[in-house]
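Hi,

Here is the structure I promised to pass on. Have a look at it first, and then read my notes below.

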Amino acid sequence: MTSDLSITIAGIKFKNPILTASGTCGYGEELAEVFDLSLLGGIVTKSITVKPREGHPPPRTAETEGGMLNAIGLANVGVDKFIEEKLKFLEPFETRVVVNVAGAAIKEYVEISARLADCPRADMVELNFSCPNVAEGMTIAGSAALAERAVREVKAVFPRPVMAKLSPNVTDIGEIARACEAGGADALSLINTLVGMAVDIKSYRPRLTNNTGGLSGPAIKPVALAAVYKVSRAVKLPLIGIGGIIDYRDVIEFMLCGASAVQIGTSLFVEPDAPIKIIKDLKKYLSENKLGAVKELIGKLRPY
Amino acid sequence: MSKIVIENLAIINKKEVGSGYFLLTLGFFSKTGTIKAGQFVHIRLPRSNIYFRRAFSIYDYNPGNKTIDLLFRVLGRGTAALAAMSPGETLDVLGPLGNGFKFPNKNETVLMAAGGIGMPPIYLLARQMVQKGFDPSRIFFFYGGQTKNDLVEISRIRKLKTRLYPATDNGSYGFKGLLTEAISSVINGKEARYRIFACGPEGMLKALDQFGRTEQIPGQLSLEAPMPCGIGVCLGCILPLRAGGYTRVCREGPVYDIGEVLL
Ligand SMILES: Cc1cc2nc3c(=O)[nH]c(=O)nc-3n(C[C@H](O)[C@H](O)[C@H](O)COP(=O)(O)OP(=O)(O)OC[C@H]3O[C@@H](n4cnc5c(N)ncnc54)[C@H](O)[C@@H]3O)c2cc1C
Ligand SMILES: Cc1cc2nc3c(=O)[nH]c(=O)nc-3n(C[C@H](O)[C@H](O)[C@H](O)COP(=O)(O)O)c2cc1C
Ligand code: FES
């Protein structure tokens, strides 16, 4: 029996549920030297902003127990170069391209999404709401009202599906998820990194120049699973689970909790070919368990 | 498009070549042929709860014997885990990664500076140059460490028949003082044409970068930064460029021209 690994999210078909997460796979150029990107369900490109950004000074990553902290500071080439060079590079690959968008104000998300509207290679946009919003003094991810408005305004300019990426650094992630749904989001991805810190006890200095950073890797998987579980009960939207995935078992856990697909992030730093192994193992799991399609796993959790 | 290769390589031999210094001999890559001095491998540490790989310069290789040598000093958790491995076990190795040194012209005089555990890529460059017919007497090889114990593997360097100048901070072997002072004591005045190649502690590289820029001596330095991914996707291993912006040491480096990076 050949198992069907494909998944459809907001009308877009992914050949399998394995995507690479924003900020952990650049724009695909380096990973293309490791494996054929066409094997992936999709690639989510590094957050892009209106203008290029160099990011924070080093050190901007720190190893922690079961993961890492990062405060890269949204280093990216800016939307112009992204469209001219990076999107062009991705053109020939038979995989879905999800373009992650970031900004310091809602109008920047709108401006970038409007530019991407004319680029059919951008199959979908993912809105990174974890960035500080300069005018409001908070993240969009932390405000239901801002999140709803941001999604609505991007939806008005981008003709293909819009996905909002949720932050775990909020009081009630379900409330933000409902606001995004109300704003017209086609899908949600979760979670982004958790705010964290590490200190060097010799110098009394934080181990990141930004003082705090975002925690990722296996250490955050339980938090991410609980978030997916909670949000799957709060909204009807398809979800893409993210957080600490290293193997196919993790993928199954996320899907059982309600995710239609997943993104692999920090694992890529340790095993750059992790997605390929996961896809292979997932296929094997399905046939061994006599499952005809991977989508049969979505939300099949049997909670107490 | 070039290829980034991940392979399981067997540990063929492990030898403590000085207190806390280990020479590790691995099996050769099956999917990669050429190695340039200055390139590195990124190694997973099994049987430990350390999540990230660690980078090690390729110290030597022998395609005939199908071996790769690494030389490391136990500094922290990662290197301690590596030192605990035994022959017969395998290591998950990513590489060879990064850009190597540019070979000098045969008529140039080369000044090599190897500081402590920065020695491996400098040795390999000298070895490759000598093998390609570069006159070893035109290579001034400065090898510095804190004490005699830090000048490991000096007999291997000696076999190249370069002009070898050992130096120790405490004078327990060779010149007494910093490597940069040893260099000044030998190279006085402006002699013909030099080219510098160096790898070592930050202070030494900074001094050589300054020396190269003020004396207008060209050369290359192999630099270091903590490397989460080693392949250019995390943007963690950056250093500031003199011309502005940042460079990824794993991808654009680890070898840079003197003056290129703001040290
Ligand atoms: C391109 C490249 C080539 C390298 N080649 C070699 C090599 O040939 N041989 C070798 O022994 N090492 C080499 N290193 C360094 C090596 O990768 C490890 O970073 C280093 O050995 C410490 O690892 P650890 O896990 O033992 O220490 P950790 O547990 O990570 O840290 C322990 C202590 O060491 C300090 N430390 C961590 N990393 C470094 C570093 N890179 N330099 C100085 N102090 C550090 C930490 O601040 C801490 O105080 C290379 C690094 C790079 C980037
Ligand atoms: C170094 C690094 C950079 C990241 N950059 C971005 C980014 O630019 N935009 C974004 O939405 N998420 C970014 N993330 C978050 C990841 O996409 C992902 O949500 C998070 O790391 C959790 O997944 P993981 O545990 O599999 O890494 C970054 C993560 C890391 C580790
Ligand atoms: S180590 Fe990740 S970009 Fe260099």
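**What sits around ligand 1**

A polar backbone atom of B:Leu71 lies 2.9 Å from a nitrogen atom of ligand 1. Before you go further, keep in mind that this is a predicted model.

Two other contacts go with that one. An oxygen atom of ligand 1 is 3.0 Å from a backbone N or O atom of B:Arg77, and a nitrogen atom of the ligand is 2.4 Å from a polar side-chain atom of B:Glu224. On its own, ligand 1 would expose 880 Å², and the protein buries 71% of that.

Which elements give two or more residues to the shell? They are strand S4 (54-57), strand S6 (67-73) and helix H1 (77-83), which belong to chain B. S4(B) gives the most, with 4 residues. There are 19 residues around the ligand, and those that come nearest are B:Arg54, B:Ala55, B:Gly78, B:Thr79 and B:Glu224. Sorted by class, the shell has 10 nonpolar, 4 polar and 5 charged residues.

Both domains of chain B take part: domain 1 (5-97) and domain 2 (109-257) each supply at least three residues. Chain A has a share too, because the residues that surround ligand 1 come from chains A and B, so the site is shared between chains.

**Salt bridges**

I also went through the charged pairs. Searching the whole structure gives 32 salt bridges over all chains. Here are a few to look up.

- In chain A, the side chains of A:Asp172 and A:Lys230 form a salt bridge at 3.3 Å, N to O. A:Asp172 is in the loop between strand S11 (162-166) and helix H4 (173-183), while A:Lys230 is in helix H5 (residues 221-234), so the pair ties together parts 58 residues apart in sequence. A:Asp172 is partly exposed, at 24% relative accessible area, and A:Lys230 is partly exposed at 41%.
- In chain B, B:Arg156 and B:Asp60 meet through their side chains at 3.1 Å, N to O, in a salt bridge. Helix H3 (residues 154-158) holds B:Arg156 and strand S5 (residues 60-62) holds B:Asp60, so this pair links parts that are 96 residues apart in sequence. B:Arg156 is buried, with 17% relative accessible area, and B:Asp60 is buried at 9%.
- B:Arg248 and B:Glu252 make a salt bridge at 2.7 Å, N to O. B:Arg248 counts as buried at 16% relative accessibility, whereas B:Glu252 counts as partly exposed at 37%.

Finally, a network of salt bridges links A:Glu271, A:Asp273, A:Lys277, B:Arg44, B:Arg53 and B:Asp92.

Cheers

Note on methods: Residues numbered from 1 in each chain as written. Chains lettered and ligands numbered in written order. Predicted model: local features only at pLDDT ≥ 70, side-chain atom pairs only at ≥ 80, totals over all residues. Heavy atoms only, no water. Salt bridge = Lys/Arg side-chain N within 4 Å of Asp/Glu carboxyl O. Buried < 20%, exposed > 50% of the residue type's maximum accessible area, 1.4 Å probe, protein only. Near = heavy atom within 4 Å. Polar contact = N/O pair within 3.5 Å; in protein donor to acceptor, adjacent residues only side chain to side chain. Areas by Shrake-Rupley, 256 points an atom, 1.4 Å probe, with all protein chains shown as cover. Nonpolar A, V, L, I, M, F, W, Y, C, P; charged D, E, K, R; others polar. Domains from an automatic or database assignment.
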